[in-house]
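This report covers strand pairing, the nonpolar core and the aromatic rings of one structure. The sequence and the model are shown below.

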Amino acid sequence: MKRIALFLALSAVYGVSYANGGIENVQGMASITYSGHRINSQEKQQAFLNAEKNAIVRYYAKEGDSSTANFSSVEQSVMNNISNYILGASVISQVDHKSLHMYQISLQVQLNSSLLD
């Protein structure tokens with residue numbers, strides 16, 4: 001009976017990892033400086049996009065030397081079509097340092113690792 005329970009538990013764990021095989025969760029961060037009294041929506045969008053791009057760079061850096069070398073050859077294409085590789089993004093934190101005119105954002109990004117590989 002214990003063997004059956006262990007087998008079922010292991011099957012469930014491996015099934016979950018297999019199901020998530022094409023999705024990789026990576027954090028991305030960005031900070032921008034702005035010139036006005038407060039940050040506008042366009043600048044916030046740019047910071048969000050920069051954080052998504054940072055997540056992709058971090059993904060390749062985590063994968064190792066050969067992936068990083070391959071990334072340099074396709075980086076422009078990936079960054080120009082970033083929406084093809086990002087499945088979703090959630091804001092972890094966002095801070096507006098008004099006295100410094102600096103906005104920082106951190107994201108949790110779900111990447112389509114199958115396409116990136």
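## Strand pairing

In this predicted model, Ser 31 stands opposite Gln 104 in strand E3. The strands concerned are E1 and E3, which pair in the antiparallel sense over eleven bridges.

Strand E2, residues 86–97, also pairs with E3 in the antiparallel sense, here over ten bridges. Asp 96 has Tyr 103 in E3 as its bridge partner. The hairpin of E2 and E3 has four residues between the strands, and in this hairpin His 101 takes a positive phi near 55°.

## The largest nonpolar core

The largest nonpolar core has 23 residues, and the members that touch the most other members are Ile 56, Tyr 103, Ile 105, Leu 111 and Leu 116. Two or more residues of this core come from each of strand E1 (23–33), helix H2 (41–63), helix H3 (65–80) and strand E3 (102–112). Helix H2 gives the most, with six residues.

Leaving aside residues up to four places away in sequence, what does Tyr 103 touch? Its contacts include Ala 30, Ser 31 and Ile 32, and also Tyr 34, Ile 39, Lys 44 and Ala 47. Gln 94, Val 95 and Asp 96 are likewise among the residues that Tyr 103 touches.

## Aromatic pairs

A pair of aromatic rings is described by two values, the distance of the centres and the angle of the planes. The count of aromatic pairs in this model comes to two. In one of them, the ring centres of Tyr 59 and Tyr 60 are 5.4 Å apart. The planes of these two rings stand at 75°, over the cut-off of 60 degrees, so the pair is edge-to-face. Tyr 59 and Tyr 60 are both buried.

Tyr 60 also forms an aromatic pair with Phe 71, at 4.3 Å centre to centre and with 15° between the planes; this pair is stacked. Tyr 60 lies in helix H2 and Phe 71 in helix H3, eleven residues apart, and the pair links distant parts of the chain.

Is Phe 71 buried or exposed? The relative accessible area of Phe 71 is 6%, under the 20% cut-off, so Phe 71 is buried. Tyr 60 has a relative accessible area of 5% and therefore is buried as well. Through the ring pairs, Tyr 59, Tyr 60 and Phe 71 are linked into a cluster.

How values were computed: Residues numbered from 1 in each chain as written. Predicted model: local features only at pLDDT ≥ 70, side-chain atom pairs only at ≥ 80, totals over all residues. Heavy atoms only, no water. Core = buried A, V, L, I, M, F, W, Y, C linked by side-chain atoms within 4.5 Å. Buried < 20%, exposed > 50% of the residue type's maximum accessible area, 1.4 Å probe, protein only. Contact = heavy atoms within 4.5 Å. Phe/Tyr/Trp six-rings, centres within 6.5 Å; stacked < 30°, edge-to-face > 60°. Pairing = 2+ DSSP bridges.
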